[in-house]
Amino acid sequence: MATPIEKFSDFKINKQLLNAVEDLGYDQPTPIQQKAIPLILAGHDLLGIAQTGTGKTAAFVLPILMKAKYAQGTEPRVLILAPTRELVMQIEENIRELGKYTDLRYVSLYGGLGPKTQIEILEAGVDIIISTTGRFLDLYRKGKIPVKAIRTMVLDEADKMMDMGFLHQIKSILEIIPTKRQNLLFSATFHEKVEKLSEEFLEFPEKVEIAPQATTTDTIEQSLYMVPNFKTKVNVLMHLLEDEQAFNRVIVFVKTRKVAESLFKYLVRKLPEDQVKVIHANKGQNTRINSMEAFKEGNVRLLVATDVAARGLDVSMVSHVINFDVPLIYEDYVHRVGRTGRANHAGTAITFVNDAEAYHLGQIEQLIRMKIPVVEIPEAVVIEKTPFDEQQLILREIDDQKKKLDPDFKGAFHEKKAREFTPSKKNARGTDPNSQKNNRRGNTKRGKPIKGGQSPTGRKIKRSK
Ligand code: AMP
């Protein structure tokens, strides 16, 4: 067997692409890239079984850019189909970044907005189309897409396309584009429908499979609370910890040292001191080891930890993992949750999610391929009002997420902020009547759904009766 390629420079790709890879800070090709790139460059049809997060997009984008080389003529030569507008935009982003030192032209086609700009770009001439199946067919039927020059076709997330019922549209597209072409099919799973599709779509394909990294084990019970702010997260945590018998060995994960430290300080004031320890990178090595040992031996009930500090922490019998905040490196969710339910012990993982974190939660759910059930905040827990600064941070984050998903989005937060700080809006006391700070009850009426509790993913903060 050939030795795996360990450097991007070992692929037969040109300097422009290598420079772009370097700019992105990719040190080493991922396993799917190691396997797929040489096969695609050699002209094979390819069946790639790999999930999001494995680097599968660059695995096909890099060789495609290499083969397309430079802008030629006006007719597209590559067609990449994806199930959703978000994925189309993500692929486009990869092409923009990896193709930045080439003059290759590309266009993203998807619904939800008028086709005028998309048509103008097509008419000016493109080398690569990234599209949803529906919008591609619409524009083709309008006579806006010349297809004769297409020589490479990619179906990304084919399983999702099947699940969304796009088989018929894919078949229609296959009928209109030239039959002599290279085909690449990527899918996270290889169920029956995908297998059938691959038989129709691929010719003597090479199959490359990357074992899913991100599976959470069956022995872990997962749930989440939609919680509006930091203080309420603390309240939910304290409420859970009242059940000393069940919550007997708990790791509380937080995303930064600062949060770790402030949460720890709060907890030692509220709980017997020897029940809680904290580990993060600012703690000396010895202190960290001592804390971990104490926790391992069962002398400490609660360990507050950052992701980095908790690497290598091998403790069985952890009763609960509590994600005080949602990890931004999505694989960390799997690592965190994997701390409970070790060695076939039943474990529980509970995640606290605010409105800004709901987006990341959605990404994690895609990664683990399951929806985490939402639990209602118990009636006994006080829901605090969100301090102004925290609310601003949350709104800003949500705006940034929306902008990422839709580059045309202007940003409600920035508009709102501009409005809120207009002096004429202020009342006689010089305060802003719209600001939450001055709203005595905040958005937190007890026992009722919280106003504004709708997250970007459509989740509501829930209350039990
Ligand atoms: P994907 O599986 O294509 O959704 O990629 C997941 C993430 O991995 C993206 O943010 C990529 O930018 C990143 N990525 C892709 N290839 C590499 C690599 N070789 N090294 C580091 N990160 C990578």
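# Helix packing and nonpolar cores

Student: At roughly what angle do the axes of helix H10 (residues 230-241) and helix H11 (residues 257-270) cross?
Tutor: Helices here are DSSP runs of H or I with at least four residues, strands runs of E with at least two, numbered from the N terminus. The axes of H10 and H11 (lines fitted to C-alpha atoms over the stretch in contact, with angles from 0 to 180 degrees between N-to-C directions) come within 12 Å of each other. Their crossing angle is roughly 45°.

Student: What kind of model is this, and what is left out of its side-chain values?
Tutor: It is a predicted model, in which local features need pLDDT of at least 70, side-chain atom pairs count only at pLDDT 80 or more, and totals for chains, interfaces and linings use all residues. Residues are numbered from 1 along each chain as its sequence is written, and side-chain values use heavy atoms, leaving out hydrogens and water.

Student: Are H10 and H11 roughly parallel or oblique to each other?
Tutor: Angles under 35 degrees count as roughly parallel, over 145 as roughly antiparallel, 65 to 115 as roughly perpendicular, and the rest as oblique. H10 and H11 cross at roughly 45°. The pair is therefore oblique.

Student: How many residues in the contact of H10 with H11 are nonpolar?
Tutor: Contact means heavy atoms within 4.5 Å, and H10 makes it with Phe230, Val234, Leu237, Met238 and Leu241, while H11 uses Val259, Ser262, Leu263, Tyr266, Leu267 and Lys270. Ala, Val, Leu, Ile, Met, Phe, Trp, Tyr, Cys and Pro count as nonpolar, Asp, Glu, Lys and Arg as charged, and the others, Gly among them, as polar. In this contact 1 residue is polar and 1 is charged, and the number of nonpolar residues is 9.

Student: How many helices and strands does the chain have, and what percentage of its residues is buried?
Tutor: The chain has 17 helices and 13 strands. Buried means under 20% relative accessible area, exposed over 50%, and partly exposed in between (1.4 Å probe, protein chains only). Of the 465 residues in the chain, the buried share is 50%.

Student: Which residues does Phe60 touch, not counting residues up to four places away in sequence?
Tutor: Phe60 is one of the residues that touch the most other members of the largest core. With residues up to four places away in sequence set aside, its partners are Ile40, Ile80, Ile91, Val154, Asp156, Leu184 and Phe186.

Student: How far apart are the axes of H3 and H4?
Tutor: In H3, Thr57, Ala58, Phe60, Val61, Leu62 and Leu65 meet Ile91, Asn94, Ile95 and Leu98 of H4. These contact residues are 8 nonpolar, 2 polar and no charged. The two helices pack at an angle of about 50° and are therefore oblique. The distance between their axes is 10 Å.

Student: Are H2 and H3 oblique or roughly parallel to each other?
Tutor: Residues of H2 including Ile32, Ala36 and Ile40 meet residues of H3, among them Ala59, Phe60 and Pro63. The contact residues divide into 11 nonpolar, 1 polar and 2 charged. The axes come within 9 Å and cross at roughly 25°. H2 and H3 are therefore roughly parallel.

Student: Is Glu157 buried or exposed?
Tutor: Glu157 lies in the loop between strand S5 (152-155) and helix H7 (158-163). Although Glu157 is not a glycine, its phi is positive, about 50°. Its relative accessibility is 11%, so Glu157 counts as buried.

Student: What is the relative accessible area of Phe204?
Tutor: Phe204 sits in the loop between helix H9 (192-201) and strand S7 (206-209). Phe204 is not a glycine, yet has a positive phi of about 40°. Phe204 is exposed, and its relative accessible area is 77%.

Student: What distance separates the C-alpha atoms of Glu120 and Lys144?
Tutor: Glu120 belongs to helix H5 (residues 116-124) and is partly exposed, with a relative accessible area of 42%. Glu120 and Lys144 are 24 residues apart along the chain, and their C-alpha atoms are separated by 9.4 Å.

Technical notes. Core = buried A, V, L, I, M, F, W, Y, C linked by side-chain atoms within 4.5 Å.
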